[in-house]
Amino acid sequence: MPGGAGERLVELDRSHGPLLAALPVRRLGQPHSRLVAEGLAGIAPHLGAGFEGVGLFDGVDLRAVAIWRPNPPLYGEHPPTWELSYLATRSSFPRRGYARRAKIDVLRRAQRAGIVQVISHVHRDNGWMLLLNDSIGGERRWVEGEEFVLVVCQVEHCLAVAAAAGHC
Ligand SMILES: CC(C)(COP(=O)(O)OP(=O)(O)OC[C@H]1O[C@@H](n2cnc3c(N)ncnc32)[C@H](O)[C@@H]1OP(=O)(O)O)[C@@H](O)C(=O)NCCC(=O)NCCS
């Protein structure tokens, strides 16, 4: 989905710390969104040092962010994998496609880096986030009783689904 004229995706670095800490991402009735806000508030020192990030800006206004780990601590055999740690949109700009655009940008970066899958752990009560991943062909892997759902996005597949749906 094309963005507005002033919208652009920008790689984040430590200098974006104050913007990340001030980004309002908590949602009423969604306790899990507090964890996201707290995570973003403390992430800046780790950008370029274990975590990478991209921000969707409109002019100087930060509207959405995606933060990922290029080398997540995983066990066992797995294809080249990134872990999307945080995906969040400023609470006053919901449902404009910002989060999906940020995620698709991460998938494109992953594709360029030769990454096969991007995984994330989504709180089981976070229906919106689960639906977002469904909309680009992400696969939910439920573990009975677990608080978080493992979502696996096969990079090529999800980019193809997103393109076919007109999201990119
Ligand atoms: C979840 C979150 C990232 C979605 O951000 P967003 O920019 O509003 O989402 P988008 O506009 O890109 O929506 C993409 C899809 O997600 C789903 N979705 C998002 N918000 C929804 C809502 N309020 N109701 C139903 N579906 C919703 C839909 O499938 C939507 O596609 P559609 O609009 O074409 O139907 C946002 O609500 C948020 O920041 N929440 C707090 C932080 C969080 O929980 N992050 C995830 C864990 S790290």
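The exercises below work through the fold of a predicted model and the surroundings of its ligand.

**Exercise 1.** Determine which helices and strands make up the protein, and in what order they follow one another.

*Solution.* Begin by counting the elements, which gives five helices and seven strands for the protein. Next, read them from the N terminus on, where the order is β-α-α-β-β-β-α-β-α-β-β-α.

**Exercise 2.** Compare the radius of gyration of the protein with the value for a compact globule of 168 residues.

*Solution.* Start from the rule, 2.2 Å times the number of residues to the power 0.38, which for 168 residues puts a compact globule near 15 Å. The protein itself has 15 Å, so the two agree. As a further description of its extent, the C-alpha trace spans about 40 × 35 × 30 Å along the principal axes. Turning to the interior, 33% of the 168 residues count as buried. Finally, consider contacts between residues at least 6 apart in sequence, of which 63% join residues at least 24 apart.

**Exercise 3.** Describe the shell around the ligand by its residues, their classes and the elements that supply them.

*Solution.* First, collect the residues that surround the ligand: there are 23, and the closest are T89, A99, R100, L131 and L132. The largest share, five residues, comes from α4.

Definitions and conventions: Residues are numbered from 1 along each chain as its sequence is written. This is a predicted model: local features need pLDDT of at least 70, side-chain atom pairs count only at pLDDT 80 or more; totals for chains, interfaces and linings use all residues. A residue is near a molecule or strand if its C-beta atom, placed from the backbone, lies within 6 Å of it. Helices (H or I, at least four residues) and strands (E, at least two) are DSSP runs, numbered from the N terminus. A residue is buried if 20 or more other C-beta atoms lie within 10 Å of its own, exposed if 12 or fewer, and partly exposed in between; C-beta atoms are placed from the backbone. Two residues are in contact if their C-beta atoms, placed from the backbone, lie within 7 Å.
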